[in-house]
Amino acid sequence: MTTPSAGAAVRRAPEELSSATSLRPPAARRERLLSLDVFRGATIAGMLLVNNPGTWESIYPPLQHAAWHGWTPTDLIFPFFLFIVGITTHLSLESRRARGAAEGELVKQILRRGGIIILLGLLLATFPYYPLERFTEIRIPGVLQRIGVVYILAGLLSLRASPRQLVAAAAALLVGYWAAMTLIPVPGVGPPALAPPAATLAAWVDRALLDGHLWANSRTWDPEGILSTVPAVATALLGVLAGRLIATTRPLPERIATLFAVGSIAMVAGLVWNWTFPINKNLWTSSYVLFTGGMAAVALATCMWLIDEKRVTWWTRPFVIYGVNPILAFWGSGALARLIYSVILVDHDGATIPVQAAIYRSAFASWLSPLNASLLFAFCFVLLWLAILTPLHKRGIILKV
């Protein structure tokens with residue numbers, strides 16, 4: 001996600017300004033890496049692809065989340081996004097500092113922006129029903145809500161922390177979460193458990209604090225629940241550390257090599273921890289954080305090498321279009337999906353069904369196998385949003401918070 005520019009204005013007398021200008025060297029222009037927009041855009045496009053199949057009954061396995069423990073390519077999308085949130089958080093804060101923003105202004109900006117993202121998530125949860133009484137039954141956790149909370153916490157933690165302190169903070173979050181999930185007995189259940197889903201400490205916390213406002217498919221736990229948001233902050237902190245590396249003046253090949261090396265080590269560490277604390281997206285386990293954070297670093301390093309070092313950019317434009325307008329792409333596609341999957345109904349073959357189902361059955365399932373029809377519908381949904389975002393990109397229209 002990009003962060004809007006809001007540098008602090010400092011008033012000075014003309015002679016002061018002249019003196020300061022003559023004595024202070026001009027600020028170096030920050031390097032703009034195309035790969036960051038491409039990486040973020042590919043993540044958003046992937047999110048739209050897996051969230052909008054033609055039918056949930058026919059999906060290729062790599063495009064489904066793991067049932068519980070384990071992972072699929074789909075389970076990489078959300079942590080990749082939080083990783084890039086961490087990177088852009090650091091780059092944005094440093095850019096504001098360079099323009100003279102005070103610490104207090106940065107804190108206000110972090111709180112404001114994070115609060116808006118959370119509000120957008122709650123508005124999406126109720127869309128298109130907005131009577132106040134609806135808020136007594138909506139799902140409170142969600143993807144945007146987690147992004148907003150994680151952005152606030154990671155932003156505040158990284159304001160003054162050194163890289164060593166950030167590593168220590170991430171380690172404390174991961175080890176603390178592991179200890180809580182594996183050592184604390186679950187009230188009403190017994191010894192600590194990581195399965196079934198409703199028996200975990202994270203599920204107990206969700207029920208204790210958000211009962212009646214959890215994921216409709218479970219109602220006893222939430223994949224974006226309260227306790228599992230704690231290690232998600234560590235995912236963003238890994239992104240902040242990557243952002244600090246990327247922002248250095250070291251040669252680009254050296255930065256790429258470092259990302260490859262550190263990412264590979266983190267992946268191996270996650271796989272080793274998986275033996276005792278399984279990789280699990282719904283619980284956002286500590287092994288999952290290390291494994292996916294490492295893979296995100298390797299994937300980004302690959303993009304940087306191919307795009308910024310080797311200058312192979314002919315394929316990047318669609319992902320850049322998604323990458324510079326991520327909030328609009330995510331919120332708008334979510335709102336459209338709500339409308340066509342459940343709100344707008346039409347008559348089709350003598351039955352009243354959602355307009356999405358009518359389109360899917362007529363234009364896709366009528367001539368393709370269920371798996372391919374479902375995949376093609378999802379791909380067309382991604383292309384539809386590319387068509388929506390392209391003219392906005394040409395006009396420089398970007399939704400920022």
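Analyst: Start with one residue and its neighbours. This is a predicted model. Leu210 touches Ile140, Pro141, Val205 and Ile226, leaving aside residues up to four places away in sequence.

User: Is Leu210 buried or exposed?

Analyst: Read the relative accessibility, where under 20% means buried. Leu210 is at 12%, so this residue counts as buried. Leu210 sits in helix H7.

User: Which other residues of helix H7 are buried?

Analyst: H7 covers residues 201–210. Besides Leu210, the buried ones are Leu201, Ala202, Ala203, Val205 and Asp206. Helix H6 is part of what covers the buried residues of H7. Just after H7 comes Gly212, with a positive phi of about 90 degrees.

User: How far apart are Leu210 and Gln356 in sequence and in space?

Analyst: Keep the two scales separate. In sequence, Leu210 and Gln356 are 146 residues apart. In space, their C-alpha atoms are 31 Å apart.

User: Next, helix pairs. How do the axes of H2 and H10 meet?

Analyst: Look at distance, then angle, then hand. H2 spans residues 34–51 and H10 spans residues 286–309. Their axes come within 9 Å and cross at roughly 130 degrees. H2 and H10 are therefore oblique to each other. Their crossing is right-handed.

User: Which residues make that contact?

Analyst: From H2 come Leu34, Ser35, Leu36, Val38 and Phe39. H10 supplies Ala296, Ala299, Leu300, Cys303, Met304, Ile307 and Asp308. By class, the contact of H2 with H10 has 10 nonpolar, 1 polar and 1 charged residues.

User: And what does H6 do with H10?

Analyst: H6 covers residues 163–183. The axes of H6 and H10 come within 8 Å and cross at roughly 145 degrees. Leu174, Tyr177 and Trp178 of H6 meet Ser286, Val289 and Leu290 of H10. That contact of H6 with H10 holds 5 nonpolar residues, 1 polar and no charged.

User: How do I judge the span of helix H3?

Analyst: Compare the end-to-end reach with the expected value. H3, residues 77–98, has 22 residues. From first C-alpha to last it reaches 32 Å, close to the 32 Å expected at 1.5 Å a residue. As for burial, 18 of the 22 residues of H3 are buried, so it is largely enclosed by the rest of the structure. Gly100 follows H3, with a positive phi near 100 degrees.

User: What is the reach of H4, and what do its buried residues pack against?

Analyst: H4, residues 103–126, has 24 residues and reaches 35 Å, close to the 34 Å expected. Its buried residues include Gln109, Arg113 and Thr126. The buried residues of H4 pack against H3, helix H5 (143–158) and helix H12 (326–343).

User: What is the phi of Arg219, and of Arg311?

Analyst: Arg219 is not a glycine, yet its phi is positive, about 70 degrees. Its place is in the loop between H7 and helix H8 (229–246). At 56% relative accessibility, Arg219 counts as exposed. Arg311, also not a glycine, has a positive phi of about 60 degrees. Arg311 is in the loop between H10 and helix H11 (317–323). At 62% relative accessibility, Arg311 counts as exposed.

Definitions and conventions
Residues are numbered from 1 along each chain as its sequence is written. This is a predicted model: local features need pLDDT of at least 70, side-chain atom pairs count only at pLDDT 80 or more; totals for chains, interfaces and linings use all residues. Side-chain values use heavy atoms; hydrogens and water are left out. Axes are lines fitted to C-alpha atoms, for helices over the stretch in contact, and angles run from 0 to 180 degrees between N-to-C directions. Helices (H or I, at least four residues) and strands (E, at least two) are DSSP runs, numbered from the N terminus. Angles under 35 degrees count as roughly parallel, over 145 as roughly antiparallel, 65 to 115 as roughly perpendicular and the rest as oblique. A crossing is left-handed if the near helix is turned anticlockwise from the far one by less than a right angle, and right-handed if clockwise. Contact means heavy atoms within 4.5 Å. Ala, Val, Leu, Ile, Met, Phe, Trp, Tyr, Cys and Pro count as nonpolar, Asp, Glu, Lys and Arg as charged, and the others, Gly among them, as polar. The expected span of a helix is 1.5 Å times one less than its number of residues. Buried means under 20% relative accessible area, exposed over 50%, partly exposed in between (1.4 Å probe, protein chains only).
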